[in-house]
Amino acid sequence: MTLRKIAERAGKNRGLVHYYFDSKDDLLQSLLDHIFDGMQRLMGLDETDEPLERLWTALRFFAYGPGALTRTVAITIWRSSN
């Protein structure tokens with residue numbers, strides 16, 4: 001598939017697509033970056049966290065769902081108050 005076909009299927013002007021993306025690889029990389037950035041925000045990952053903490057956060061998210069992070073914080077607060 002060419003950028004021209006992608007522009008047609010998206011209903012966008014071919015010149016506009018070529019203005020923002022030099023190649024299909026560039027478009028794909030931008031799409032993946034956008035998806036991964038959204039996933040990191042959804043999981044609550046922070047660039048300043050240690051790699052191991054980021055890994056555990058991601059594993060909890062995938063194992064227990066988005067509410068797992070809220071439950072983890074609530075359990076931590078509850079334990080510290082008892």
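A residue is called buried at under 20% relative accessible area, exposed at over 50%, and partly exposed in between, with a 1.4 Å probe and protein chains only. This is a predicted model, in which local features need pLDDT of at least 70, side-chain atom pairs count only at pLDDT 80 or more, and totals for chains, interfaces and linings use all residues. Residues are numbered from 1 along each chain as its sequence is written, and side-chain values use heavy atoms, leaving out hydrogens and water.

View 1. Of the 82 residues, 15% are buried.

**View 2. The Tyr19 and Tyr20 pair.** The whole structure holds two aromatic pairs, meaning Phe, Tyr or Trp rings (the six-membered ring for Trp) with centres within 6.5 Å; planes under 30 degrees apart are stacked, over 60 edge-to-face, and the rest tilted. Tyr19 and Tyr20 are edge-to-face because their ring planes stand at 85°, with the centres 5.0 Å apart. Both Tyr19 and Tyr20 are exposed.

**View 3. The Phe61 and Phe62 pair.** Phe61 and Phe62 also form an edge-to-face aromatic pair, at 5.3 Å centre to centre and 85° between the planes. Take a look at the two partners in turn: Phe61 counts as buried because its relative accessibility is 8%, whereas Phe62, at 55%, counts as exposed.
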